[in-house]
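Please keep the sequence and the coordinates at hand.

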Amino acid sequence: MRRTTGRAAAAALALALSTFALPSALALTPRTESSAAVDGTSATRRAGTESRDAERTTAGSATAAADWELTWRDEFNQARGTKPDPAKWVHDRGGEPQWGNEEWQYYTDRKENVSQDGNGNLAISARRERLPGMENCPYGPCDVTSGRITTLGKFEQEYGRFEAKIKVPAGQGLWPAFWMMGNDIDSTGWPGNGEIDVMEIVGNEPSTLYGTIHGEGYSGENGPSGSVQRPGGGKFADAFHLFSVDWAPDEIVWRLDGVQYFKVTKDDIPAGSRWAFDHPFYLLLNLAVGGIWPGPPDSSTQFPATLLVDYVRVYTKA
Ligand SMILES: [Ca+2]
């Protein structure tokens, strides 16, 4: 759901935003093509097992089955206040119209927005504050900072298992995501480069997880998307959960805490459109605030709001 970086893409987007507004009813309609119930008891038990195993060895992880070989990881176990490893991550900085969804936040590379918490997690925090340069933002009150990091130019992979254990923040207007985009973002542009959203949760739907793909001819609201609900009205923000995709040449499978809830194949994209998932992708983690999909924060939204990432691990088929 997030687009951008290339200058051409940003310009095209700015033009599109100036001449076309999504009907609000359409923009707010959950893009659910399939959904499944996950048994809460077994999912919780499974997550607990992974938590105990997470910091030991890869072999000890419940997700590291024998047929998967670890290719990349960040466990975020450095001292409190340490910024993400520059050998693995780059910061995206600034505000709209770069991001293309009428978002409010201004991303910085400060430790106040992105750093490790000393308890084994990366913390991405959205804060209400106005820094120099934020006065003329196109949307919102220009007083929200946050963080967005990517592995563009540092790590990319075609196919495999991509997983992250994450605790999202709760609050109207918040929009945390763990996602991936095609490494040809600057030459092909979005959405032709392809996008796989492993995890998106919007604050006004705190019990719903979305997994989605985007490509040319099936982007934005038309991206094939699946969702799953926490049982009994539970909120994702209440605990860490494991969000993953298994990406193969002909299909992509989404899991929550190891339980499949959505799958797409080449048959699920519009006839005549191109399957955009046959080249290397890079990873992204961010906490957006406001925008077309989640809507704006309100007086109930608590700041700072923090997205915690215990780890990101990537595997390939052994
Ligand atoms: Ca960790």
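The largest nonpolar core has 69 residues, and I166, F178, M180, I196, V198 and V309 are the members that touch the most others. Such a core is a set of buried Ala, Val, Leu, Ile, Met, Phe, Trp, Tyr and Cys residues joined through C-beta atoms within 7 Å. Buried means that 20 or more other C-beta atoms lie within 10 Å of the residue's own; with 12 or fewer the residue is exposed, and in between it is partly exposed, the C-beta atoms being placed from the backbone. Strand β18 (residues 305–317) supplies the largest share of this core, 8 residues. Strands (E, at least two residues) and helices (H or I, at least four) are DSSP runs numbered from the N terminus.

This is a predicted model, in which local features need pLDDT of at least 70 and side-chain atom pairs count only at pLDDT 80 or more, while totals for chains, interfaces and linings use all residues. Residues are numbered from 1 along each chain as its sequence is written.

What is I196 in contact with, leaving aside its neighbours within four places in sequence? The list is W179, M180, I213, V245, W247, I252, F277 and F281. Two residues are in contact if their C-beta atoms, placed from the backbone, lie within 7 Å. In soluble globular proteins, nonpolar side chains tend to be buried together.

F281 also belongs to strand β17 (residues 281–289), which is largely enclosed by the rest of the structure because 8 of its 9 residues are buried. Strand β10 (residues 174–182) runs antiparallel to β17 and is joined to it by 9 bridges; M181 has Y282 as its bridge partner in β17. Strand β8 (residues 148–150) is also antiparallel to β17, with 3 bridges, and R148 has N286 as its partner there. Strands count as paired if DSSP finds at least two bridges between them.

A164 lies in strand β9 (residues 160–167). A164 is buried because 22 other C-beta atoms lie within 10 Å. Not counting residues up to four places away in sequence, A164 touches F178, F243, V309, Y311 and V312. Of these, F178 and V309 were named above among the core members that touch the most others.

Y315 is placed in strand β18 and counts as buried because it has 24 C-beta neighbours inside 10 Å. Beyond four places in sequence, Y315 touches W68, E69, L70, T71, G160 and R161.
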